[in-house]
Amino acid sequence: MTTEQPLAAPPLTPHLPQQPTGDGSGPPSARRGFLAKAFGVTALLSAAGSALGLLRDLLLARYFGANQGTDAFLVAWTVPETAAPLLIEDAMAFLMVPAFSLALVLREERPDGPDPVRQLVKATLPWMLLALSALSAGAALGAPQLVELLAPGLADPELAVTCTRITAFTVLPFGVAGYLASALRAHHGFTAPATIYVAYNLGILALLLTCHQLWGVKSAALGVAFGSLLMAGVLIVPFLGRLHTGKRRKAHRRGPVDRRLVLMPLAMLPVAAFTLTRQAQVFIERYLGSGLPPGTISHLNYATKVSQLAMTSAILVVTVTFPVVARALAAGDPTAARDRVEKDLGQASALVLMGTAFLMACAPSVVALLFQRGAFGAHDTTATAAVIRVYSFGLPAQALIGVMVRPYFSVRPVVRRADDPDTEDGGRRLLDWYPVAAMALGLLVTVAVGLAAAPRFGALALAAGNAAGITTAAALLLRGLLLRGIALRLPAVLGGQARLLAAALGATALGALAAAVTTNPLLSTLSGGVTVVLAFAALGAAFGAAEVRGPVLALARAISPRATRAAEGISSHGR
């Protein structure tokens, strides 16, 4: 494939249709209704996937605890953990959602021409399958070298090599799932993509439940491979259905077609490099953790899994709105994209800060409730809870990066209109690598903190390095978004973030007091969690955080007009 490979595309007209289309591209009221419905469906299915993933982790803890065997499996799990963001959640979506969005804009502008969506699939899918097959085979063949590189101090490297060869298979189906999910989301189809982690975790659970006694921790590795096949399988029929509905009659051309869709494969490199650099924080933890006492990697893993639950709802926001941002940028409307990004920053921060406050307040009771049984003892609970609290300092930055990097890469997608001005100047290409540089600087912070503090503080130092590094990267990426041409109104954005942070700090303090009333894990988690939610809502409304005040007032209106006046009176003091 050449650096710029032209794809035949229909002539373009300057305006998009303005009538509602049922896919979220109509008037603002129609878009809001569509986004709310899409978010609800995605949230429900993603919650089911997260619940199954939590059950998977509970069974891993119950059957295998936190020892050298689970450390070996978790090193092997680095392959799918890296492949998932690269091929499903981040890089593939950053590349293909904007690409399919532009193809859909072209389809709307000239409905009687050749289908740009089909042309894009024909130009990209065969190359992707070939590359994924090579990567999967390379990971399997190079498993011994991978294990040595990732965890040189591992107690059982042979088991890790075996599990790595099994999990290397996931690269191909993960990539297929990410490609198909990106295409469906660009078409505003969210139901099928939201089911992929349900299918994935069901596959893991099936083998874990039936084969853990026979194959030990290798049953989990086999389950990962089987689950990845199910992920791709659930998307094939919906994807083919979308292609079928886009089938077109042979175009009646009006003169020479000199306006084409141009494929720019080199645009993939900074996207892939950013995702790998972001995932490198896990590599650093595994590398440094392999030299610490056995079980350290497992404690870090369990803490990460619990901490990421606070991120789920925030990521759902940007998953649903990303195609809207990409479509606005493809149609040449940066103002609409900026407005959507600013809303996403506020909404994602509100959700993740409330979750962070809950974890800070209730980490010991949450870990005891979820994991403390079987081979997972009280010592493991204490160690994991401490790591969760340190990790939580970096969760807001994780959410902000998830919001900001999507529009950043959408400005210059992997395809462009052939009649657009040539933007391949050196400065533009250099700016493509800004997120990679931001993450690299964040990694330097992570490594520095880890190396300096790990000998004394162990896993806590690695978690602190993670939080410090990702926060550094988020601050740099906020600057990069402005350089990219998405002119965020920083005073308003930062002011909103400050109000949400203040509400989260107050909710954490009150939630911790409520959680400490009882030693029963369930009651402590419930009392602390309810207190955090109520305190965050009250403080957020009082401080004037729009993302909190709006839902609070809506709930108050649903209860009674008197409650509405009271809530409005409270929130007015925060303005």
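Is glutamate 81 buried or exposed? Glutamate 81 is buried, with a relative accessible area of 18%. The cut-off for buried is under 20%. Keep in mind that this is a predicted model.

Glutamate 81 has a charged partner. It forms a salt bridge with lysine 305, and the closest N and O atoms lie 3.2 Å apart. The pair links distant parts of the chain. Glutamate 81 sits in helix H3, while lysine 305 sits in helix H13 (residues 296-330). They are 224 residues apart. Lysine 305 is buried too, with a relative accessible area of 18%.

Now look at what else helix H3 does. Two packed helices are described by the angle between their axes and the distance between the axes. H3 (residues 78-89) and helix H12 (residues 268-289) have axes that come within 9 Å and cross at roughly 155°. That makes H3 roughly antiparallel to H12, because angles over 145 degrees count that way. The crossing is right-handed. On the H3 side, Thr78, Glu81, Thr82, Pro85 and Leu86 take part. They meet residues of H12 including Ala272, Leu276, Phe283 and Arg286. By class, this contact of H3 with H12 has six nonpolar, four polar and two charged residues.

Helix H5 (residues 116-141) and helix H8 (residues 171-186) pack at an angle of about 155°, with their axes 8 Å apart. H5 and H8 are therefore roughly antiparallel to each other. H5 passes H8 in a right-handed crossing. Among the residues in contact are Leu120, Val121 and Met128 of H5, and Val171, Gly175 and Tyr179 of H8. By class, the contact of H5 with H8 has 11 nonpolar, four polar and no charged residues.

Back to charges. How many salt bridges does a search of the whole structure find? The search finds seven. One of them joins aspartate 339 to arginine 489, with the closest N and O atoms 3.0 Å apart. This pair also links distant parts of the chain, 150 residues apart. Aspartate 339 is in helix H14 (residues 334-371), and arginine 489 is in the loop between helix H19 (459-483) and helix H20 (490-515). Aspartate 339 counts as partly exposed, at 27% relative accessibility. Arginine 489 is partly exposed, at 40%.

Helix H14 holds another pair. Arginine 340 forms a salt bridge with aspartate 344, the closest N and O atoms being 3.0 Å apart. These two are four residues apart in H14, so about one helical turn separates them. Arginine 340 and aspartate 344 are both buried. Finally, salt bridges with shared partners join Arg338, Asp339, Glu342 and Arg489 into one network.

Terms used: Residues numbered from 1 in each chain as written. Predicted model: local features only at pLDDT ≥ 70, side-chain atom pairs only at ≥ 80, totals over all residues. Heavy atoms only, no water. Axes fitted to C-alpha atoms, helices over the stretch in contact; angles between N-to-C directions. Parallel < 35°, antiparallel > 145°, perpendicular 65-115°, else oblique. Left-handed = near helix turned anticlockwise from the far one by under 90°. Contact = heavy atoms within 4.5 Å. Nonpolar A, V, L, I, M, F, W, Y, C, P; charged D, E, K, R; others polar. Salt bridge = Lys/Arg side-chain N within 4 Å of Asp/Glu carboxyl O. Buried < 20%, exposed > 50% of the residue type's maximum accessible area, 1.4 Å probe, protein only.
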